[in-house]
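Here is a short briefing for a reader new to this structure. Look over the chains before reading on.

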Amino acid sequence: MEERTKVIAKPKVEVILEEEERKKLKEMPLWRVRLYLTWREIRNNWKLFSENKIGLVGLGIIIFYAFMAILHPILMKWVWDPNIYDPIVGYSYDEVLQPAPPSLRHLLGTDPLGRDVLSQLMYSTRSEFALGILAAIITVTIGTTVGAVAAYFGGIIDTLLMRLADLIIMLPFVTILIVLSAMFKMNLIILAIVIGILSGFGGTGIVIKSQALTIKVRAYIEAAKVAGGSDWHIIFRHIIPNLMPLSFLYMMFSVTSAIFSEAVLSFFGLLNIRMSWGLMIHTAQTAGYLLNPKTWWLIVPAGLSITLLCSAFYLVGRALDEVVNPRLRKR
Amino acid sequence: MLRYILRRLGQIVITLFVFLTLVYFLLEAQPGDYAQTFLSNPKLTKEQREALKAQFGLDKPLWERYLSYMRSLLRGNLGISFEYYPRPVVSIIAERAPRTILLFLTAQISSFLLGFTVGKILAWKRGQTFEYVLTISGVTLYTVFTPWFGLMMIWIFAYTLGLFPIGKFVTPTLWRGAPVDANYVFIRILLSAFISSLVLFLVLLATRRLNLALRRGLRGAGVLIILAGLLAYWLPSGITRYALDILYHLILPVMTLTLINFAGMMLLTRNSMLETMREDFVMAARAKGLPEGMIRDKHVARNAMLPVITSFIFSIAFVLDGGVITETIFSWPGMGLTLLEAALSQDIPMVMGGLVFTGTLALFAHLIADITYAYLDPRIRYT
Amino acid sequence: MAESILKIENFTMHYMTKAGEVSAVDNVDLEIRKGESLGLVGESGCGKTSLAISIMKLLPENAIIKGGHIYFDGTDLVPLSEDEMRRFRWRRISMIFQAAMNSLNPVYKVSDQIIEAMETHFGHIDYYEAREKVANLFRLVGLDPKFMDQYPHEYSGGMRQRAVIAMALACDPDLIIADEPTTALDVIVQDNILRELKALQEKLGTTMIYISHDIAVIAEVSHRIGIMYAGKIVELADAEEIFHHPIHPYTAGLMSAFPSIVGPKRELVTIPGEPPDLLNPPSGCRFHPRCQYATKICREKEPEFKDYGSGHMASCWNPLEG
């Protein structure tokens with residue numbers, strides 16, 4: 001008779017961490033463990049993100065423009081003659097007729113005031129980024145807080161915040177910006193703050209609130225309450241961290257919206273700034289070169305840059321959407 | 001449901017009221033005295049100036065001015081424009097609004113149709129390159145700098161190819177000596193469009209219950225009747241070529257706006273479809289042996305379109321917003337342009353009037369969106 | 001003896017996932033006769049639902065049929081195109097889905113959804129005739145026809161289940177596959193529905209495949225029972241036989257895993273371990289890591305699926321006696 005050996009089945013436990021990893025973690029202080037786990041999250045999300053070529057294209061464009069922004073001061077300091085190439089006060093003496101078409105000296109030509117277009121383009125990149133990111137941060141900070149607070153407390157606080165949001169979205173966004181800028185001249189920082197406040201208390205707040213509502217009813221919130229967590233503790237330690245992916249996503253869209261709004265305002269000449277892409281097109285318009293296809297370099301590079309940077313952030317946002325919302329992924 | 005609508009209408013009135021109060025005081029808070037600017041118009045005589053002061057109550061304190069404004073608002077009087085004195089604000093809105101509505105409603109509907117159809121197909125056939133190309137081009141178009149893109153379109157289609165007019169909404173030479181003015185034609189166009197859509201909708205509703213062959217036949221007949229009706233009205237009216245001229249000027253801006261806006265709808269539809277496709281009833285539909293097209297349209301799209309339609313209706317409220325840019329580029333004299341001018345020239349009554357217009361539109365669009373959503377999704381019933 | 005209506009031969013199906021190829025159904029042999037009701041039992045993930053949707057070729061995009069035949073009434077379904085399959089779906093083979101609640105489209109009335117199936121397969125059926133038929137179907141499954149024009153969310157769980165059964169019967173199919181139809185219901189409703197299903201089956205003479213992880217439920221409704229494990233059918237026999245004379249150790253384990261209300265109190269006997277990872281199924285007999293009778297050959301070679309007498313099939317190197 002064959003020997004019947006007893007085989008003890010090994011239970012298959014779902015391991016998130018390997019044995020060695022776990023040992024290492026046991027010895028680290030808590031804050032380091034958190035850091036480590038966060039880094040792993042980022043690494044995994046990056047893998048998901050990079051699977052989608054769309055996001056990579058967007059990211060590529062952003063890096064390209066960031067590079068341009070960094071390159072400009074270097075060029076100004078060491079390569080270019082500031083008298084000629086300064087984006088605001090430079091003047092190109094070698095050309096007789098301004099605006100001059102692209103040439104070896106001025107790769108994108110000059111504008112009606114004799115300033116180098118490429119230099120203007122690169123110089124503005126800095127402020128576009130600054131504006132976009134500042135506005136986005138303000139929008140998302142306000143939006144996330146509003147959303148979380150409205151969802152968590154409900155009742156009259158919710159109603160007030162939502163009615164406020166209603167009032168804000170009733171206003172046509174671009175038109176209001178135009179009206180405000182007609183009232184007092186805005187510079188980039190003020191514009192960023194205004195955009196941030198309007199978007200944060202408005203549309204973004206509403207969207208994040210509905211997400212916060214789904215988080216509020218989860219078991220761990222109940223657990224936290226039972227364990228005696230105060231309201232603010234729960235909001236800041238539990239709800240908001242779970243809203244982060246969505247917030248981050250909306251930051252991308254906020255940047256797009258901010259850059260776009262700034263471009264529109266500059267185009268109408270309503271902004272108190274020294275140089276921006278929108279302003280470049282405005283200059284072309286006031287000098288009468290707007291509808292002239294022959295002076296394409298006055299409009300095409302600026303318009304294209306606005307478009308490219310806006311769509312870059314949007315593409316990144318869309319790719320992030322697939323990371324944040326697993327149902328959209330392919331199997 | 002009726003109670004819900006009534007309640008919402010009540011809320012709309014309150015919100016509108018709060019909104020207007022806020023705006024009024026916001027405008028008053030501006031640096032600089034708009035009254036002075038207005039009154040310093042050299043064309044006015046001293047008596048006129050005093051009369052105007054009294055009429056507008058410009059010498060009265062803020063409180064009183066506010067109250068009298070609100071009172072006349074309730075009577076439907078939005079005041080008299082400073083810039084276009086002595087035309088009342090309401091008449092200016094009545095003149096400009098139809099132009100904006102025609103342009104943007106057409107554009108919104110067409111971008112919705114394009115975006116929805118493409119998004120539907122995109123979600124259904126998930127090919128690698130196909131999806132990639134459409135998404136990138138869609139997004140690029142969506143985030144394109146509108147003035148720039150508008151100009152490009154004009155350059156290509158109007159300047160270079162000469163296919164469409166460069167701007168404005170009428171060809172001045174054609175209209176010289178015309179029996180009617182542009183607004184007359186505008187209103188007629190809007191009305192015919194509205195009535196034909198209504199009739200079409202009713203036909204679709206009435207033929208729902210019938211079997212396939214009969215349904216198709218009746219609907220085809222309905223469409224033919226509507227076309228016949230339109231022809232019967234327009235051909236003998238004598239203003240057809242004016243209407244056609246307006247429509248001719250409409251094509252390029254609508255094309256531009258559609259290209260810019262369709263991607264938002266497309267991506268939203270695609271996402272919504274993808275989420276719906278994972279539902280169990282989709283597999284059940286396939287198990288029932290239904291043809292692919294029917295599963296895609298009747299089952300998936302019908303469920304997926306809920307958030308898309310809501311977004312669409314909601315976006316109608318913002319018709320005015322994007323309007324400013326487009327109307328400037330295409331020189332289309334609508335509400336957007338008017339509001340911009342008013343803001344820049346401190347024509348306060350006009351600004352207030354314009355904002356009343358947008359605000360009301362936004363609130364009603366919101367309400368209609370909610371009602372439509374309830375109609376489309378039987379699970380949602382308001383008490 | 002009644003003729004066989006469904007004959008599955010050597011059928012294998014894999015899912016291609018990011019992590020690799022999952023061997024979901026492996027070399028399955030199955031035969032069902034007309035009018036019979038077959039119960040398929042197994043743990044979650046053992047491949048029973050995969051097998052069910054394979055029969056109707058409702059496979060997702062990443063599923064590949066690696067080989068085998070599914071003969072339905074003489075026709076091999078495996079090489080058929082989607083268009084050809086559509087003629088079989090619902091009209092010849094219909095399905096009652098797991099969690100039936102969600103298999104009804106929320107935006108259409110229940111009656112319309114049933115009529116849709118009828119219209120698709122019976123061409124230009126008159127609308128009012130179709131409604132009559134729906135009313136009859138409702139009565140057949142124990143639903144009051146006055147609920148016909150309501151929406152799925154207005155039904156209770158049990159009602160939805162009945163509605164879905166009515167829908168499955170709409171085109172008078174020859175074979176109905178019921179995939180865990182009562183899992184999501186409370187015990188009393190479950191009991192009622194099981195009894196009604198059994199009565200319906202006997203009345204109409206429809207062939208049924210009944211899938212569940214709950215062996216008690218299967219026992220109530222099936223003539224024959226098939227035990228599935230890790231994508232393979234390990235035992236197949238008449239219901240009585242399986243209960244009293246299980247051959248495969250897994251089957252025996254399933255039987256004794258049941259607490260009995262009558263009889264002495266004893267400790268719950270469970271089958272240790274968990275179902276295997278189908279990305280890398282165990283070598284030889286897929287059950288060997290958990291089997292207390294496993295021997296060397298069990299680890300090395302897959303046992304044959306053979307007849308142990310009067311149609312009692314099993315695949316095991318160390319079949320249980322008695």
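C:E116 forms a salt bridge with B:K288, with the closest N and O atoms 3.1 Å apart. A salt bridge here is a side-chain nitrogen of Lys or Arg within 4 Å of a carboxyl oxygen of Asp or Glu. The pair crosses between chains, from helix α3 (residues 110–122) of chain C to the loop between α12 (280–287) and α13 of chain B.

This is a predicted model: local features need pLDDT of at least 70, side-chain atom pairs count only at pLDDT 80 or more, and totals for chains, interfaces and linings use all residues. Residues are numbered from 1 along each chain as its sequence is written, chains are lettered from A and ligands numbered from 1 in the order in which they are written, and side-chain values use heavy atoms, leaving out hydrogens and water.

**Salt bridges**
- C:E116 is buried, at 4% relative accessible area (buried is under 20%, exposed over 50%, partly exposed in between; 1.4 Å probe, protein chains only).
- B:K288 is buried too, at 2%.
- B:D297 pairs with B:K120, the closest N and O atoms being 2.7 Å apart.
- B:D297 lies in helix α13 and B:K120 in helix α5 (residues 89–124) of chain B, so the pair ties together parts 177 residues apart in sequence (helices are DSSP runs of H or I, at least four residues; strands are runs of E, at least two; both are numbered from the N terminus).
- B:K120 is buried, at 13%, while B:D297 is partly exposed, at 32%.
- B:D297 also forms a salt bridge with B:R296, at 3.2 Å between the closest N and O atoms.
- Over all chains, the structure holds 28 salt bridges.

**Around B:R302**
- B:R302 sits in helix α13 (residues 292–316) of chain B.
- B:R302 counts as buried, at 16% relative accessibility.
- Beyond neighbours within four places in sequence, B:R302 is in contact with B:D297, B:L376, C:V107 and C:Y108 (contact means heavy atoms within 4.5 Å).

**Where chain B meets chain A**
- The contact takes 52 residues from chain B and 47 from chain A.
- The buried area is about 4600 Å², of which carbon and sulfur atoms give 75% (this is the accessible area, 1.4 Å probe, that two parts lose on being put together, summed over both).
- B:F145, B:W148 and B:W155 supply 16% of the area that chain B buries against chain A, more than any other three residues.
- Between chain B and chain A there are 0 salt bridges.
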